[in-house]
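Here are a few friendly notes to read alongside the model. Take them one at a time, with the structure open beside you.

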Amino acid sequence: ETIDDFKTQVNIPAVGTPCFAGDSNATAECQQDISLNDIQSSFANTGLYPSAFYKFQSLFITDQGADSVLRMRLANTILFVGLFMLALVLSTRSNRLLLGLMFVLTSVPMGMFIIPSTNPSSWIFIAISVNWAFQVLLLSPSVNISKRNQFLAASAMLLSGFLALESRSDGKIYLLISICITYALIGKQIRFLRPWTHAIPFVLIGTSLFKFFTDSSFSGFGSPGGGQNLDSEQYLFTTLFRAVEIPLGNLGYLAPGGNLGILGWLDTPIPPMVPFLTIGLLASWTFLLYSSGTWHKRFSFWSISLLLILIPAFLLYSGRNLVGENVQPRYVIPLLPLFVLAAIGVNRGFESTSAIIQKRILFTTVAISIANGLSLLANMNRYTVGSGSFGLESINKEILWWWPNFVPPSLIVVLGIITYFVFTFLVLSLFRKDESKRITTS
């Protein structure tokens, strides 16, 4: 009859909330003081999140907590790389550039934090980043695709749609937005010769709407709570009129107090150079490749731009939070890939700008790799030496927490910087590998 009927008394380690949560100067060393004696606790699936993500993660549980977490994070990373590379290989030349730019412009600082996360936000970000590409492959007449590749695209679209629906309660909302925006961007080019291809997006749309209207456990956006004790008029005057800060503060680019850059669960400050580079790259590529096109294109772009303000504003207002408080970037970041998608558009012809694009690729790769390196280093420092220290040298000299008999954290940072640079360069370089016919889209 009530949720209490489903509660079960179980033995769990008395860990509770991580001791370093919310305090950027507290390293993971504090875990050594936590008692691991079992206590009696009430466990219940309250329906706040769909269950598939947790069932999938449970496949990687071992007797060692750290080992289990690393397995989960690796599995989510492989899931992203697999879907992303499949979309990249199947897509046309222009859509490869769009996929590459979408990864580059959304991966730092929050994307690289979210993708391997053991939080269901991982799945929704993965899904929204690639679902549109498979929809374009199925529905756009400008894309010549074999039956085998049709099957691959259809299967991948269903899988990515499932990831979105089974991630968080707002996954269905972002999936609906993604599918509708992609339909609008394809516009008059929508292929009607193969009606079955429309079945997949409509199945996903129907499932999303069904969950939205019938299942109370999928209630959409929730209130993060813990905000200011202000009445509506005071709150509107204090926060919602600061519209420019709302998307920046809720995408990890703006910290409380107006300082640039915050990562993770609002407790890991990052160097101002990170948001400076990432915002600069996002703005420059948007200005270079933006095309107003038809009213479908303009509607898509301005709709996503408006949602980047309205959705975080709603979340802030529902909990009476100021910008940078409680509303974590992971709640809003699925909109960022859609913003890049709407700004650039699908099936674009780049004949007049391809030379400029190719010159920018190396600069973009270097700039985003620097931003990723600084962000990775800040995140590593936060848990090993505390956010008060910064730099590779400080990690090795002042290390307070790390796994015994494991490679030093500085080596992990260096390998992360190098592999990210190589992956990003290869992804963007694929733009030049396909000389198939291109068209100018709406």
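1. A residue counts as buried under 20% relative accessible area, as exposed over 50%, and as partly exposed in between (1.4 Å probe, protein chains only). By that rule, 51% of the 442 residues in this chain are buried.

2. Please keep in mind that this is a predicted model, where local features need pLDDT of at least 70, side-chain atom pairs count only at pLDDT 80 or more, and totals for chains, interfaces and linings use all residues. Residues are numbered from 1 along each chain as its sequence is written, and side-chain values use heavy atoms, leaving out hydrogens and water.

3. How confident is the predictor? pLDDT is its confidence in each residue, from 0 to 100; the chain has a mean of 77, with 70% of its residues reaching 70 or more. Over residues 1-16 the pLDDT is below 50, and over residues 434-442 it stays under 50.

4. The chain has 15 helices and 4 strands, which are DSSP runs (helices H or I, at least four residues; strands E, at least two) numbered from the N terminus.

5. A nonpolar core is a set of buried Ala, Val, Leu, Ile, Met, Phe, Trp, Tyr and Cys residues joined through side-chain atoms within 4.5 Å. The largest one has 93 residues, and Phe-84, Trp-132 and Phe-134 are among those touching the most other members. Helix 4 (residues 121-139) gives this core its largest share, 14 residues. A second, separate core of 8 residues includes Phe-20 and Met-380.

6. Contact means heavy atoms within 4.5 Å. Leaving aside neighbours within four places in sequence, Phe-134 has contacts including Leu-83, Ala-153 and Ser-160.

Note on methods:
pLDDT is the predictor's confidence in each residue, from 0 to 100.
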